Amino acid sequence: MKNTKRTLIIGLVWGILFFLWWLKGFLYENWRFDLFSYKSWKYLTDEFVSGWTISSSSDWIFLFTLIIALPVFFYGWRILLKVEWRKTVQLIWTALVVRWRKANAPKKVLKIVAQKSHKKVRPRPLNRIARVEDTLSEPTMTVKAAADVVEKADVPTFSREAERAAGKSIAGFNVSEPAFMASPADEEEALPSGEPRLVEEPTGAHEDLEALLQVPPIEPLNENAVSLLISNGYKVVKDAVVGGVPVDYVAIGAEKILVLMLDQQKGDWLADEERFNGEDPLWFSESSHRVSPIFQLVGAAAFLAQKVARKGYLQQVIPVFAESEGTLINAEDMEDTWKELGVLVCRTNIGGPETLASLTQTLPKSEGVIDAGDVNVIRDLF
């Protein structure tokens, strides 16, 4: 019943538009023939009875229009029944409402305020004494209020620090001013006669300080990735491209498939695995940046896992990332994130930091033996 009602309504609307508007207007405009007039049809019938001879192209067009009118009407009716009119009307209405709201929306003026250059802005001091001095420099502060601020601030003067270090009061001595702030005349009065006036720094002090600040180089790990993979029970495919991502090795085992990438980009890298505005996550160094290789590696492993599952294999595909030349300076902070991504991150050669496990310690073993034919089938999937 619902379809019948819809069919009749669409046919009625289409008939009104076709016959009452287009066909009637077309015939009357060109031949003064009224489609719904008895006189017009009687005149046409009389012309045929009296032997009307069709000779002009205009008469042929008139006759052809009357003949095809009903077939065109029914064909148009059939096409209109296939249209989802409710959804179409909703889309048109939504587009009109959105366009009207945009046209009548209040115009917002974006005011851009230029920031002062960092060269013209003096940073605040970081020590406590300087912050008290900044407070004292306020023009609205009275002398009494400034004294209260200094008293409450517990400024670490030389005398107080000396008292804390000695564990006893030395209020009877005039040591409120450090010796290095005294004038030359005061130094001469303070030093007894016969004592040297200049205390020289011990030779080699700077060299000892530089030696303490130097970071010892990382001991290189002499590891052969291919030998390690073979000894752990894998068949190795070198220099593969998985899902458009070049990887160093694909190790195929009976239970696991490892997708191994050796990162040979030198430098200290700040790793990040979160996408921003739909863009791939980036790693940053002091001089450059790049798309996260771990992000690319995880995508390649997921691509291979999908291909392997479709072929009916049950191996678990595991991405393995080994830092070989550079250093991941925030590796400790990223451990949980890498664990959630399911990637094994380690180091080899001179890669760092040393807190990362070595490639030997990270590679999982594959139990069982895989058939050579299965290796060839899996290799053809990437």
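Biologist: Which residue with a positive phi follows α2?

Modeller: Before anything else, please keep in mind that this is a predicted model. The residue is Gly51, which comes after α2 and has a positive phi near 90 degrees.

Biologist: And what length should α2 span, at 1.5 Å a residue?

Modeller: Helix α2 covers residues 38-49, and its 12 residues should span 16 Å at 1.5 Å a residue; the C-alpha atoms at its ends are 16 Å apart, which agrees.

Biologist: What reaches the backbone nitrogen of Lys39 at the start of α2?

Modeller: A side-chain oxygen of Ser37 does, coming within 3.4 Å of that nitrogen.

Biologist: Okay, zooming out now. How many helices and strands are there in the protein?

Modeller: The protein has 14 helices and nine strands. Of its 382 residues, 26% are buried, and the accessible surface comes to about 28400 Å², with 58% of it belonging to carbon and sulfur atoms.

Biologist: What order do the strands take in the open sheet of five?

Modeller: The order is β1-β2-β3-β7-β9, and the pairing is mixed. β1 (235-242) and β9 (344-347) stand at the edges with a single partner strand each, so one side of each has no neighbour in the sheet. On average, neighbouring strands of this sheet are turned by 30 degrees against each other, if direction is ignored.

Biologist: Which helix packs on that sheet?

Modeller: That is α11, residues 293-310, which touches β1, β2, β3, β7 and β9, and whose direction makes about 160 degrees with that of β7.

Biologist: Do tell me about the pairing too: in which sense do β1 and β2 pair, parallel or antiparallel?

Modeller: They pair in the antiparallel sense, over seven bridges. Within this pairing, Ala240 has Val247 of β2 as its bridge partner, and Val237 stands opposite Val250, also in β2. The hairpin of these strands has two residues between them, and Gly243 takes a positive phi near 60 degrees there.

Biologist: How many of the eight residues of β2 are buried?

Modeller: Six of the eight are buried, so β2 is largely enclosed by the rest of the structure.

Biologist: Switching topic, where does Ser366 lie?

Modeller: Ser366 lies in the loop between α13 (359-362) and α14 (372-379).

Biologist: Does it count as buried or exposed, at 6% relative accessibility?

Modeller: Ser366 counts as buried, because the cut-off for buried is under 20% relative accessible area.

Biologist: What is Ser366 in contact with, leaving aside its neighbours within four places in sequence?

Modeller: Ser366 is in contact with Asn232, Gly233, Tyr234, Gly253, Ala254, Glu255 and Lys256. For Ala254 there is a further detail, as its backbone nitrogen lies 3.2 Å from a polar atom of the Ser366 side chain.

Conventions
Residues are numbered from 1 along each chain as its sequence is written. This is a predicted model: local features need pLDDT of at least 70, side-chain atom pairs count only at pLDDT 80 or more; totals for chains, interfaces and linings use all residues. Side-chain values use heavy atoms; hydrogens and water are left out. Two strands pair if DSSP finds at least two bridges between them. Helices (H or I, at least four residues) and strands (E, at least two) are DSSP runs, numbered from the N terminus. Axes are lines fitted to C-alpha atoms, for helices over the stretch in contact, and angles run from 0 to 180 degrees between N-to-C directions. Contact means heavy atoms within 4.5 Å. Buried means under 20% relative accessible area, exposed over 50%, partly exposed in between (1.4 Å probe, protein chains only). Accessible areas come from the Shrake-Rupley method with a 1.4 Å probe; for residues, only the protein chains shown count as cover. The expected span of a helix is 1.5 Å times one less than its number of residues. A polar contact is a pair of N or O atoms within 3.5 Å; within protein, one must be able to donate a hydrogen and the other to accept it, and residues adjacent in sequence count only if both atoms are side-chain atoms.
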